[in-house]
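Subject: Structure handover

Hello,

Here is the structure for your files. My notes on the ligand site and the sheets follow below.

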Amino acid sequence: MDHTNHTGTSTFPHIPTDIAWIGTFLHAFSGLGDLLKLVVFGSALAFIRQVVSAVVDYILDLFVLRATFDEREDPYDWLMLWLSKQPSWCTARNVRISTRRYGYSGISNLVPGEESHPSDPRKTVAYLPAHSETQYIRFKRAWIKILRTETMTDMENRFPLQQLQICMFSRGHDTLNDLLLEAKRTYKAEVDDRICLFVANSHNDWCLTGCRPKRSLSSIVLDKGVKENLLADARDFMASEKWYAERGIPWRRGYLLHGCPGSGKTSLIHALAGELNLPIYVISLAKRGLDDSNLNELISRLPSRSLALMEDIDAAFYRGLTREPPQPEQNTFGPPPPPDAPPPASPQGVTLSGLLGAIDGVIAQEGRILFATTNKYSALDPALTRPGRLDMHIEFELAGRWQAEELFKCFFPPTTDDESEADGDILEPLINFDKKGSIIERAASLDGQQRLAVAFADNRELCPSMTAGEVSRLAKEFADRIPEREFSMAAVQGLLMRYKTRPHLAIEEAAGWVMREREQQAETEKKLG
Ligand SMILES: Nc1ncnc2c1ncn2[C@@H]1O[C@H](COP(=O)(O)OP(=O)(O)OP(=O)(O)O)[C@@H](O)[C@H]1O
């Protein structure tokens, strides 16, 4: 075969040249092999890493349990209270100071050296681990990693949402369940003899504002049978879920307490909540920004078996409430704007139809008790007060003599059964002592103002000891000086408060107090025209 081309030169001689060129080329890039090796090795490594990480993740998923607690949910509060009792939680090195309270006193740590003040719970501060600070806590032989985080729920970073993330080695949910159970029990024990109050926060979520000691029903003096009937009715309702379901009646009950200010409406609701062990959810209809849809949302978020409280429902009626949708200038809740105020830019507020719908509409929660209070019963629309919405109406009156007598007994309970011993004390009731026990002065010899000053002295323990018989006699004497149905119970309580260690002085001063109150009332009426 002839490999000669038209130029007469053979083509084969080029082959060795090309091979040489490739050789030269390869020689020039002698690192390429290494590079290829590196690429292959790197890819293999990345692949192995991914596989290992997937396997590790898989194994971790099998053995590590992670849980997130959101501050909008109850378990967050249980856990925060429980954590507050763990030494390592309270001694975190990177702390955030907080006045938020979980349970009643659990998380609150007084600033060292500072005395607590029962009337101002905000004076106590809590040391919480800072956000993004990891804490390790031992629970039932397991180590739990806890991380507090704060995320923003809106674009403008206005609504921070706190979360707790916990992580533990555990194959099943047993340890987590145990932890939750213990946290819940701790929380329950803390709030058992207290009532928890919830209000709506800026997200329109229910938020625990605090827990206060339960008030005993016996400290509220009402006409015979009133509180007993109310308690029996509420108890019966709470136990009647099935009865309501069988008859297709929504399991809800509403109570309207109406009457003069300071007659014990709010106090009775708080005492009842304590008796029924129900948390109170306070709905403030005058709250800025609350409209029909917000109200609906709030009511739909009420937990079952709760007590919703709408106070001073009459405050909404300064312009009259209609069933129409809200207009800028009418039909809204809230205090009246000043006369020269510009009209609101957009209609806002709760309408009567919105309120009616929220109370008994389809979204209204089952198993809840609604309490509404008002000082102006006649201002309420009959649609609002009809059975099914507000089933039971209870009127509260000004203090009767019997109530004044009972209130006196609440203030000065008998301290001894021994009549002879008691008599001695009662004969000298107005002697006052300083803290060291020296006699200051015999109050009987003082004028009115001085007597008051003495009565305010910090000598509570010097309240004379009295037998039941003596207390009854004094209580009657006191009640005889209080005119029937003229003053509120709050006013009578105010009088007794002035002489909380001086029952005799309270009796002596009662007549003068009545005169002064009447004068004041006359003056106020004159001013009002
Ligand atoms: N019937 C009562 N028995 C015992 N204490 C009472 C009674 N009524 C009022 N008080 C006392 O008076 C104070 C005010 O009472 P409360 O707030 O319950 O009245 P209210 O009827 O809800 O008043 P308002 O209508 O102004 O809200 C409380 O400290 C309470 O202890």
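A polar contact here is a pair of N or O atoms within 3.5 Å; within protein, one must be able to donate a hydrogen and the other to accept it, and residues adjacent in sequence count only if both atoms are side-chain atoms. By that rule, an N or O atom in the side chain of Ser 267 is 2.6 Å from an oxygen atom of the ligand.

The model is predicted: local features need pLDDT of at least 70, side-chain atom pairs count only at pLDDT 80 or more, and totals for chains, interfaces and linings use all residues. Residues are numbered from 1 along each chain as its sequence is written, and side-chain values use heavy atoms, with hydrogens and water left out.

Ligand site

Two further side chains place a polar atom by a ligand oxygen: Arg 215 at 2.9 Å and Asn 375 at 3.0 Å. The ligand taken alone exposes 630 Å², of which the protein buries 81% (Shrake-Rupley method, 1.4 Å probe). There are 19 residues around the ligand (a heavy atom within 4 Å), and those that come nearest are Val 221, Gly 262, Thr 266, Ser 267 and Gln 493. The shell divides into 8 nonpolar, 9 polar and 2 charged residues, with Gly counted as polar and Tyr, Cys and Pro among the nonpolar. At least two shell residues each come from helix 8 (265–276), helix 12 (401–411) and helix 16 (489–498). Helices (H or I, at least four residues) and strands (E, at least two) are DSSP runs, numbered from the N terminus.

An open antiparallel sheet has the strand order 1-6-5-4, where pairing requires at least two DSSP bridges. Strand 1 (64–70) and strand 4 (134–139) are at the edges with a single partner strand each, so one side of each has no neighbour in the sheet. Strand 1 pairs with strand 6 (residues 160–169) over 7 bridges, and Leu 65 stands opposite Met 168 in strand 6. Helix 5 (residues 174–191) touches strands 1, 4, 5 and 6, at about 130 degrees to strand 6. Contact means heavy atoms within 4.5 Å; angles run from 0 to 180 degrees between N-to-C directions, with axes fitted to C-alpha atoms, for helices over the stretch in contact.

Seven-stranded sheet

The other open sheet has 7 strands in the order 8-7-10-11-12-9-13, with mixed pairing. Helix 5 also lies across strand 7 and strand 8, at about 105 degrees to strand 7.

Regards
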